[in-house]
Amino acid sequence: MKPSGHYSKIDNDIYPVVNRVATHLADNTDYDGILQAGWYDIYCIQDIAITHAPTTGLGRVLLRVDAININGSLIKVQTAKEWYSTVNITARNWIRWTYSLNGALKWTPWTAK
């Protein structure tokens, strides 16, 4: 299954994000549903816990989603960075990826890097 959207195919395995335009998503979008390769701009209202966000208390987040085909399994990687906030910006990046468990898509926990 190939991801659709803005990507270039390299050796049938890697679909790097080459588009430099971020798609604006609705405030407090659930991160688990963002599977399309590309750049996303999400505002996380800071006093609301956002479903599957990297952490609580975030402002505006730039999210990058990459897709990699490994032996027929399409792995999604999300990388998040807070870039605007009404309070102190968290100077961290977060990353997580999908994996398949008994045929069901699961996300790893977010890891600060």
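Trainee: In β4, which residue is the bridge partner of Y40?

Mentor: Happy to start there, and keep in mind that this is a predicted model. β3 and β4 pair in the antiparallel sense, over six bridges. Within that pairing, the β4 residue bridged to Y40 is L63.

Trainee: What separates the C-alpha atoms of T23 and Y40?

Mentor: Along the chain these two are 17 residues apart. They are bridge partners, with Y40 sitting in β3. Their C-alpha atoms are separated by 4.7 Å.

Trainee: Is T23 buried, partly exposed or exposed?

Mentor: Good one to check against the cut-offs: buried means under 20% relative accessible area and exposed means over 50%. T23 has a relative accessible area of 41%, so the class is partly exposed.

Trainee: How many of the six residues of β3 are buried?

Mentor: Look at both directions of the strand. G38, Y40 and I42 point one way from β3, while W39, D41 and Y43 point the other way, and all are buried. β3 is therefore largely enclosed by the rest of the structure, and the count of buried residues is six of six.

Trainee: Which element gives the most residues to the largest nonpolar core?

Mentor: That core has 14 residues, and Y31, C44 and L63 touch the most other members. The elements giving two or more residues to this core are β3 (38–43) and β4 (60–70). With three residues, the one that gives the most is β4.

Trainee: Which residues does C44 touch, not counting those up to four places away in sequence?

Mentor: C44 is one of the core residues that touch the most other members, and Y31, another of those, is also among the residues that C44 touches.

Trainee: Which residues form the aromatic pair?

Mentor: A search of the whole structure finds one such pair. The geometry is edge-to-face, at 6.0 Å centre to centre with 85 degrees between the planes, and the partners are Y31 and W110.

Trainee: How many residues apart in sequence are the parts that this pair ties together?

Mentor: Y31 lies in the loop between β2 and β3, and W110 in the loop between β7 (104–107) and β8 (111–112). Y31 counts as buried because its relative accessibility is 0%, and W110 counts as buried at 15%. The pair ties together parts whose separation in sequence is 79 residues.

Trainee: How many strands does the secondary structure of the chain have?

Mentor: Reading along the sequence gives the pattern β-β-β-β-β-β-β-β. There are zero helices, and the number of strands is eight.

Trainee: Which strand has the lowest mean pLDDT, and which the highest?

Mentor: For context, the mean pLDDT of the chain is 79, and 81% of its residues reach 70 or more. Over residues 1–11 the value stays under 50, although the model has 24 contacts beyond four places in sequence for that stretch. Among the elements, the lowest mean is 58, in β1 (residues 14–15), and the highest is 93, in β2 (residues 22–24).

Methods. Residues numbered from 1 in each chain as written. Predicted model: local features only at pLDDT ≥ 70, side-chain atom pairs only at ≥ 80, totals over all residues. Heavy atoms only, no water. Core = buried A, V, L, I, M, F, W, Y, C linked by side-chain atoms within 4.5 Å. Buried < 20%, exposed > 50% of the residue type's maximum accessible area, 1.4 Å probe, protein only. Helix = DSSP H or I, 4+ residues; strand = E, 2+ residues; numbered from the N terminus. Contact = heavy atoms within 4.5 Å. pLDDT = per-residue confidence, 0-100. Pairing = 2+ DSSP bridges. Phe/Tyr/Trp six-rings, centres within 6.5 Å; stacked < 30°, edge-to-face > 60°.
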